[in-house]
Amino acid sequence: MKPFLLLSLIPALALTALAQEPFMIKVAFVPKEPGSRPFVGAVVAANAAQIEYRNPITAPGTTVSAIKDFESIFFLEPAEYVAALDLYESGKFEDAKAQFAKYKDQTKAVANLPGNYNVLAAFYELECLRKMGDLKGLAEALQGFSKQQLTRENQLRQLDLYVMWDAIKSESWDRALAIATEREKEKMPDDQLVQVFYCKALALQKLNRLEEAMGIYNMVITADAASSEGLVSKAALSMLDIYFKDEAVKTAMTDWGTDLEKKGSAGYNKLLEAGALARLYKKYFNDIKEIPVEYKKLMDFKAKEEEEPVSN
């Protein structure tokens, strides 16, 4: 396994100028010198050629060494970052964003060092904004984000997907549709494919291509319901909105249980679909956003075989 090497850092600067350590950043060092043992120190500052650190991490003074004197230098996973990631994975995006931002600010001294967690915190701060639906905040945060130290393919692809989300933000529906249509041809993890499907379906809906939008929204719901609940719930609400505004569905609702009811008609079948979807939403996604009052009435429409048996 190739270790993270500290290369191509901040332009030449006086290390002592950054010696005001704002936060303890633990790093494992493996010296090149024969007989020297690896150790864990706390980085204070670094540039392209040198690194300043405390050894041990509680030492009152600092040591300055040439980066080339080490076989490898890599960051230890910080508890603060792990705690923020736990919040993120629990769906507490507002709290996670605050913690990632705090850690990012505390570790500015190593922002340009390969393998650092500062850039990962900044990346997940972006993801929190996206998952919160704050596309304006996402666009603003991206202006100050440097992807130079990101190495994972999925993270780099996510940065590319932000172009699609920017089209959604600006309500450039034709552009969003074009980007999503091109992106869906690529192989990517389900959680990213869901983003592509959702943006494509939303663009189609806004362009009044409703039948096509419904088909793609269905793909959102079935592609990754487990880890993309936010987008799946939004897709379900969008589908309910399309059903609710459909004239054939309105007629089927009015005629339900009367002599005018037409079982098997397009409107009747759509109404049954809408009812099933409304009940599914209430059961699985109501804690994300409560189902709107107007859609609740759809829950009452179900086929006879779905109705609860009457006990004697």
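Is glutamate 247 buried or exposed? I looked it up and found glutamate 247 exposed, with a relative accessible area of 53% (buried means under 20% relative accessible area, exposed over 50%, partly exposed in between, with a 1.4 Å probe and protein chains only).

I noted that this is a predicted model, in which local features need pLDDT of at least 70 and side-chain atom pairs count only at pLDDT 80 or more, while totals for chains, interfaces and linings use all residues. Residues are numbered from 1 along each chain as its sequence is written, and side-chain values use heavy atoms, with hydrogens and water left out.

I then found glutamate 247 in a salt bridge with lysine 250, the closest N and O atoms being 3.5 Å apart (a salt bridge is a side-chain nitrogen of Lys or Arg within 4 Å of a carboxyl oxygen of Asp or Glu). Lysine 250 is partly exposed at 38% relative accessibility.

I looked next at aspartate 246, which is buried with a relative accessible area of 18%, and whose salt bridge with lysine 270 has its closest N and O atoms 3.1 Å apart.

For arginine 183 I recorded a salt bridge with glutamate 186, the closest N and O atoms being 2.9 Å apart; arginine 183 is buried at 16% relative accessible area, whereas glutamate 186 is partly exposed at 33%. Asp160 joins Arg183 and Glu186 in a network of salt bridges. My search of the whole structure gave 15 salt bridges.
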